[in-house]
Amino acid sequence: MKLTREFEERISRLHLQNKVFGGVYSGRGQEAIAVGCCADLGPQDVVFPLHRDLGVFVVKGVEPGRLMAQILGKEGGLSRGKDSFLHAGDLSKGVFGGTSMLGATLPVACGAALKFKLRHEPYVAVAFFGEGASSRGDVHEAMNFAGVHQLPVVFVCENNRYAYSTPQSLQMAVEDVAERAAGYGMKGLVCSGNDLAAVLETMGRALRRARDGGGPTLVECKTYRYRGHSEHDPARYRTEEELLEWSTRDPIPRWELYLEARGRDVAKVRRETEAEVTRVVDEAVAFAEASPEPEGPEAFEDLYATPLAVPEAPEGPAAFEPEPPQLTH
Ligand SMILES: Cc1ncc(C[n+]2csc(CCOP(=O)(O)OP(=O)(O)O)c2C)c(N)n1
């Protein structure tokens, strides 16, 4: 959680220096969700993060230098400087790239989960989305398909109460996104997304169900977006009281309390973690800044996937020759 937070702090500073390629969408306050949902995933499990999910990349083990280079649009980045963070992925770590169309990654997650099921592979697909995206058609079609086919997929809704400036009450008529799960024949679970222990426990149940062939789960993590929608948004549409209330639920001090209650020397943990986090982020920034700008011709490379297998042409005459269409007038 601290690594993600520090990484994002540094991105905000680089953004002020005009070094970031594309928008900056902070997930400050939502760190426990990425950590709690990805901590128990294996290298073969796949994830579908969104614009606020830098933490998912971090926990899935994407190399921090390449991640920072992606954010600066450099050659050393995940897409070799061809795109911003928004559409970045790293298939070597099971991280699919995002799309601009909110919710459009959920059907793709179902495709990945269907592949696991058809091949009897014991893996899980995890798709992240906001409560705003939950009102989009693709999201419902994906959940319906996952329910019908009992796919090993977990849908994680990060309900941070705002879709850009739109509060939840203006875009959905139910209190919990998780209520919708019932309509698709799956379990809907709600937990505090600001409490790492709660996310770990809830996600653990969903992952066990998916791995045991029990089908999909919709996990709703209640949380709060500490910053504006993106760096250009001062988010004045929120009240002081609301900000104050949620500032007391910061997931990092909350986890420290949890550790303290279990007898850990939190001051020591904090010291060691902060030193390590600063070192990792310093190195990532140094790598990204030293990485060259893309030159241009690479824009025409990596455009098509290499086919897994080229089907062989059948020998002899084709088994089926379609009739030419008959014109009636
Ligand atoms: C289909 C679609 N509509 C609108 C947008 C513009 N847009 C980008 S992010 C965003 C807010 C999304 O809110 P939510 O899904 O709750 O996620 P959050 O940003 O709160 O994490 C909007 C409206 C988009 N990218 N795609």
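Which residue with a positive phi follows H4? That's Gly73, with phi near 70°. Before going further, keep in mind that this is a predicted model.

Let's stay with H4 for a moment. This helix spans residues 64–71 and is mostly covered, with six of its eight residues buried. Going along the helix, the buried ones are Gly65, Leu67, Met68, Ala69, Gln70 and Ile71. What sits over them? The cover includes H1, H3 (residues 54–59) and H10.

Now for the sheet. Five strands make up an open sheet, and if you walk across it you meet them in the order S1-S2-S3-S7-S6, with parallel pairing. At the edges are S1 (46–48) and S6 (187–192), each of which pairs on one side only. Neighbouring strands here are turned against each other by 20° on average, ignoring direction. To look at one pairing in detail, take S1 and S2 (residues 125–130): they run together in the parallel sense over three bridges.

Asn18 has one, with phi near 65°. You'll find Asn18 in the loop between H1 (2–16) and H2 (31–38). Is Asn18 buried or exposed? Its relative accessible area is 69%, and because the cut-off for exposed is over 50%, Asn18 counts as exposed.

Gln150 is another non-glycine residue with a positive phi, of about 50° in this case. With a relative accessible area of 31%, Gln150 is partly exposed.

Finally, head for the segment after H10 (266–290), where Phe300 is found. H10 has come up already, as part of what covers the buried residues of H4. Phe300 itself is exposed, at 68% relative accessibility. Together with Leu303 and Tyr304, Phe300 makes a nonpolar surface patch of about 470 Å².

How values were computed
Residues numbered from 1 in each chain as written. Predicted model: local features only at pLDDT ≥ 70, side-chain atom pairs only at ≥ 80, totals over all residues. Heavy atoms only, no water. Pairing = 2+ DSSP bridges. Helix = DSSP H or I, 4+ residues; strand = E, 2+ residues; numbered from the N terminus. Axes fitted to C-alpha atoms, helices over the stretch in contact; angles between N-to-C directions. Buried < 20%, exposed > 50% of the residue type's maximum accessible area, 1.4 Å probe, protein only. Patch = residues over 30% accessible without salt bridge, like charges linked within 9 Å, V, L, I, M, F, W, Y side chains within 5 Å. Areas by Shrake-Rupley, 256 points an atom, 1.4 Å probe, with all protein chains shown as cover. Salt bridge = Lys/Arg side-chain N within 4 Å of Asp/Glu carboxyl O. Contact = heavy atoms within 4.5 Å.
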